[in-house]
Amino acid sequence: LIRQCEFFLYSDRDREAVELCKERGYTYPEITGWIRAVAADFKLVSQMGLAETGILTSASDYHIFLKLRKTRAQAMASYLDITKAALDNGVLPRCHFEDITRADYEGFVLPFAAELMKLGDQYNKPVKIRLCDTLGFGLPWAETALPRSVPKLIHGLREIGVPAEQLEWH
């Protein structure tokens, strides 16, 4: 069973595909969006009437500093703002921690995940976290150092209270 399919809502072609899929009326796969962490993209989620969306929440310094040209605090604030907007509008957020295997795990990933869990508790809604190994640096051994050790990445998030059913890997 394919549970969900994800569409890049800022793409005209993907928005067309969403409409075609919705016309079929299938229960599965559930149609979900994928957006950048900006208000203009979130409007597309609302316009498409989707119940869940992925949100690009880049985690590595490379992406935060060089791609987004933000500080970690600015990036986290903008990510939390768009997550709140989703929750305020009854949309389940799925935060994609892009490039997690090059991220500052203790200085950014864990504090950000903790804030997301607080938001989920506040709204009584699950906030999913998708760990994205953008460059394929993740390794399956617990002996590997963070942020490359997939078992350590998962263990740390579970230790701060992220439920297993709210974790995904990409």
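Visitor: Which residues does T144 touch, not counting those up to four places away in sequence?

Guide: T144 touches L139, S149 and K152, where contact means heavy atoms within 4.5 Å. The model is predicted, so local features need pLDDT of at least 70 and side-chain atom pairs count only at pLDDT 80 or more, while totals for chains, interfaces and linings use all residues. Residues are numbered from 1 along each chain as its sequence is written, and side-chain values use heavy atoms, with hydrogens and water left out.

Visitor: Why does T144 count as buried?

Guide: Buried means under 20% relative accessible area, exposed over 50%, and partly exposed in between (1.4 Å probe, protein chains only). T144 has 16% relative accessibility and therefore counts as buried. T144 lies in the loop between β5 and α6; helices (H or I, at least four residues) and strands (E, at least two) are DSSP runs, numbered from the N terminus.

Visitor: What does helix α6 pack on, and at what angle to β6?

Guide: Helix α6 (residues 150-159) packs on the sheet and touches β5 and β6; its direction makes about 165 degrees with that of β6. Axes are lines fitted to C-alpha atoms, for helices over the stretch in contact, and angles run from 0 to 180 degrees between N-to-C directions.

Visitor: What makes β4 and β5 a pair?

Guide: Two strands pair if DSSP finds at least two bridges between them. R94 stands opposite K128 in β5.

Visitor: Why do β1 and β6 count as edges of the sheet?

Guide: The open sheet has six strands in the order β1-β2-β3-β4-β5-β6, with parallel pairing. β1 (4-8) and β6 (167-169) each have a single partner strand, so one side of each is left without a neighbour in the sheet. Five bridges join β1 to its parallel partner β2, and Q4 stands opposite E30 in β2. The covered face of β1 holds C5 and F7, whereas Q4, E6 and F8 form the uncovered one.
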